[in-house]
Amino acid sequence: MIEKTGIVDTLEERQPYITRKQEKGQIIPLACDNNSLAGAISQRACVYSGARVVLNPVTDAVHLVHGPIGCAGYTWDIRGAKSSGIETNRSSFSTDMKEIDIIFGGEKKLSNAIDELVGIYCPPVIFVYSTCIVGIIGDDLDSVCKIASKKHNIPVLPVKSEGFKGNKSDGYKAACDALKQLIKRPEKDKAAEKKPGVNPGLKKPRINILGDFNVAGDVWLVKPLFEQMGIEVIVSMTGDSTAKSISRAAEADLNLVQCSGSMTYLAKWMQQEYGIPYLTVSFFGIEDISIALRKTAEYFGSEEMKKTAGEMLETETNRIMPEISRVRERVKGKKAAIYMGGPAKALTLIKGFAELGMEVVIIGTQTGKKEDYEQISYSVRDGTVIVDDANPLELAELLVKQKTDLMVAGVKERFIAYKLGVAFCDFNHDRVVEFEGFDGFVNFAKEVDASINSPVWKAVRQRILKPEAVKSERSAGKENIKNIFGEPCAKECKDMAVDPEFLRQNEDTAVESQV
Amino acid sequence: MTKRNYATVNPCVMCQPMGSALAFKGIENTMVLYHGSQGCSTYMRLHLAHHFREPVDIASSSLSEKGAVYGGRENLKKGLRNVINRYSPKVIGIATTCLAETIGDDVPAIIREFKEEEGIGDDLEKDIIIVPVSTPSYGESHVSGYIKALDAVVRKFAESPESPEGPEKPKIPEDIEIMDYMENMEIIEYTEILEKEKAEENSQEAKNPDMKEILNRKLNLIPVESISPADVRELKEILAETAGDYIILPDISETFDAPLREELPKIAPGGTRLSEIADMPNSRATLGLGVVSTNLALKYLEESHCVPGHSVPIPIGLLNTDRFFTELIGIIGCPIPEKYQKERGRLLDAMVDMHKYLYGVKAAVYGDPDTVFSLTTFMLELGMNPVLVATGSKSRDFGKRIKQIFEEIRPELQPVILDGIDFDSLNDAVSECSPEILIGNSNGRYIAKARDIPLVRVGLPIHDRIGAQRILTVGYRGALELLDRITNTILEATDTFTVPVQVEPAAYAGQGEKDECIEGAQ
Ligand code: SF4
Ligand code: SF4
């Protein structure tokens, strides 16, 4: 306990959520999976956000948010999930509830809105998300959706995502519950065939990828790997998926789960319901991709597949290695901080950084569970700080204390890092390049390199202009400086020079470690 | 697309608490807390961070299921305690989200309780000041959230027993808290009483004119929600050069566009100083930007504290900036500094240089009501043809105001004017009006892309381009920058230097008068 309070200055109640890995093998008790603390400024969003991020990449669905305008407005196209076809998902649909709907109930408006949208867009599926006030006023979403489904003969699926009823993880579950209803039982019950190695020559083995959202087109770099191995990817859930492709998911022989936080629930259900086993994998980083492909080949037990996988891994690795090694030379030994929504990404990033010769000094997630943190603590080095549901002040202090060189997180964290002079790499919605697959890893490495080795950090080291410093650096003449900066500036600098604290302080920050 | 009555597709407004954050964040040492569930605050933080590219900390009372059922009292108190503990703010603005409003928490009462428990008094200097504002989003939009928050802040400070009138003044009745809830019916009576008191004071002052002289010769300026930090900086510069002493509330010039310094402070430094807010009732006048939405704080200062209020359009473009300066000079009684005459001259020069490229170019403008109003004026005086003028907020006066300005400048044009729109209906309107250029926030990018119409980004949010916090639109310099951007965008799109259209004198017919106006003011 005493140890813990030392890590970062924060609220008493937050202390159990921050810990430091001490010795190898020691299991660290870390509090997690609770509701966020009032006033602590969590980086988490709500149940609705969890549900929305999972379902949003379903490209041809109408995602109708039943609630006041804001909830829909702020989630309009925020996830950079790419589509290879229709892009209905990129629009934001809302019932825009008004005072009158709050008083008299919003069911009528909702059902009218559904009718209207069906008329205009003819979507194959509508997801209806409930927001906080819907939970309070008690609209019967189920019955409205049921009636609408019958009327229009398409699935109109309620997603129970009232923001206050839990946290983001509950939203994942609500999303999976909706997906369950989309998945159709295959024509002939194929459960019997679903044993590894059965008739591989007769039929192409088929898989689903669960928990890949095709951000920046990730899936398009992953699918071909399996296709080369002779495996058909029925659907990636939910990146670049359609109602139709999801409905066929139960025809698969195997599920590969990437974002385990959100999709394990669905995978388990599919195992129970359709006898489809699942493997937890990752498509990020050379090591994890290799494991994913090898495991899959092994599962199907085909020698040929194993051979193809092996060959493919070799050529691909050889292809990207020069670039990876080049970056590795430039970034090795640098310290990274990871703050992710889900634990799966955090875990795979640890390996990714290791491949670049970097060291992880902070790792945290918004939605990790006990098992996840245990696994994380096995994978990181001693001294690494592990944090659940961190807030901006904690993150800022940790970044400085742990002398971080680079942070990987989302938009809200980006500006904290930047203000502290810490390099940053966005692994969430905002990125524009793929990070998965072999080329994705090259992209990642390049971005890490670009951010860490940018000369701006050198400029940022001196945040107040001190002509003396500039002079010595450029060995410029006294005359020159006077001319450039003139009187008022000189005055300011004199004032600043009285403050020697500044230099000493900076020595301690991450910026200095850039030198 | 077919007309819709029930579903909103791609909203063109943000919700009320967001507006309140834009206001609160321009006040020194202030934290914002949303009373409601966690998601709202995170989403709005994300939205603002994305726009301003600054860390934006907004607390939440993080209501859970229990809170939602039994009321959010404990959560709110805990939230307040934690915010005070971690951020040690001087002011906490509490905005309610839809959830808190729906469950019907009595926020002022909870605050009263909290203050008692924590021993927080009503001393504006020593104590933490908590300003609640009721902002259910099913009511209005971020525009009203901004206005309401400022009103609540000004009231809070103006009603203080510590107001600089001096201690010998009869103390305002005990419960200032009553002012906390601006929608409380009693306020009206209360304000009446105050007005009477004030009127008496003023008549006393009138007898003793020197008194007022000593009090305060400052000028209040209240901007609008969609203004950028760069705009605020420009306004401050103008005021410093003319009025000298001024109070601008809120002042986001530093808080939402902070320089990189050696430390990352918990609360961004800058913002309107509290002593200045408290001083606002003593100012000689209030200048409020925006003529479409009602500026509650300005009204309040006028009605309860006899500070004359002048509402002017946001000074975007020649005419509106002229109006701004005219009003300003009218209040202060000094000549327009040579610097601004020069800037104005440069703008005129540029307008002449560019008139051919712009004449008759069909434009669609959308965004917040007052921004759109001012942008439209500017386009009209440039000779452009704003075929479509739209705002996402529901506004009674919007259409009226826009029509007025068309009447004034180009009565022969027949624009489509829409309020309360979403982007889908804007899209429909765009397909009908076929503008050649779009002017508005970055959410219009889908329409721009799909229809291959260039988009000039102005307003909030701007998420897909860098530098939103530095976009300058106000003042002559702002007009000049905007003019350059619009013209260059058109040139880029048409890729030609020859747009052979004749100049219509009507657009500049009013010019002479305006010039005289300014000269007269001098
Ligand atoms: S619930 Fe209300 S306050 Fe919260 S995001 Fe939605 S509209 Fe805005
Ligand atoms: S109202 Fe509820 S569902 Fe909507 S954003 Fe806020 S927390 Fe999430």
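**View 1. Polar contacts between domain 1 and domain 3 of chain A.** Across the interface of domain 1 of chain A and domain 3 of chain A, 11 residue pairs are in polar contact, both residues of each pair being at pLDDT 80 or more. On the side of domain 1 of chain A that touches domain 3 of chain A, α14 (343–355) and α18 (437–452) each supply at least two residues. By class, the residues of this side of domain 1 of chain A are 9 nonpolar, 6 polar and 6 charged. The model shown here and in the other views is predicted.

**View 2. Salt bridges between domain 1 and domain 3 of chain A.** This interface of domain 1 of chain A and domain 3 of chain A holds 2 salt bridges. A salt bridge joins A:D288 and A:K351, with 2.6 Å between the closest N and O atoms.

**View 3. The domains of chain A and the contact of domains 1 and 3.** Chain A is assigned domain 1 (1–31 + 332–453), domain 2 (47–182) and domain 3 (188–318). Taken over C-alpha atoms, the centres of domain 1 of chain A and domain 3 of chain A are 28 Å apart. To their contact, domain 1 of chain A gives 21 residues and domain 3 of chain A gives 23 residues. The two domains bury about 1,800 Å² between them, and 62% of this area is on carbon and sulfur atoms.

**View 4. The domains of chain B and the contact of domains 2 and 3.** In chain B the division is into domain 1 (16–211), domain 2 (219–338) and domain 3 (354–494). A distance of 24 Å separates the C-alpha centres of domain 2 of chain B and domain 3 of chain B. Their contact involves 30 residues from domain 2 of chain B and 31 residues from domain 3 of chain B. About 2,400 Å² is buried between these domains of chain B, 57% of it on carbon and sulfur atoms. Within domain 2 of chain B, the residues losing the most area to domain 3 of chain B are B:E234, B:V292 and B:I316, which together make up 27% of what that side buries.

**View 5. Polar contacts and salt bridges between domain 2 and domain 3 of chain B.** Between domain 2 of chain B and domain 3 of chain B there are 2 salt bridges. B:R323 and B:E408 form a salt bridge, their closest N and O atoms lying 3.0 Å apart. Polar contacts across the interface of domain 2 of chain B and domain 3 of chain B amount to 16 residue pairs, both residues at pLDDT 80 or more. Two or more residues of the side of domain 2 of chain B that touches domain 3 of chain B come from each of α10 (229–242) and α13 (318–332). The largest share of that side, 8 residues, is from α10(B).

Conventions. Residues are numbered from 1 along each chain as its sequence is written. Chains are lettered from A and ligands numbered from 1 in the order in which they are written. This is a predicted model: local features need pLDDT of at least 70, side-chain atom pairs count only at pLDDT 80 or more; totals for chains, interfaces and linings use all residues. Side-chain values use heavy atoms; hydrogens and water are left out. Domain bounds come from an automatic or database domain assignment. Contact means heavy atoms within 4.5 Å. Buried area is the accessible area (1.4 Å probe) that two parts lose on being put together, summed over both. A salt bridge is a side-chain nitrogen of Lys or Arg within 4 Å of a carboxyl oxygen of Asp or Glu. A polar contact is a pair of N or O atoms within 3.5 Å; within protein, one must be able to donate a hydrogen and the other to accept it, and residues adjacent in sequence count only if both atoms are side-chain atoms. Helices (H or I, at least four residues) and strands (E, at least two) are DSSP runs, numbered from the N terminus. Ala, Val, Leu, Ile, Met, Phe, Trp, Tyr, Cys and Pro count as nonpolar, Asp, Glu, Lys and Arg as charged, and the others, Gly among them, as polar.
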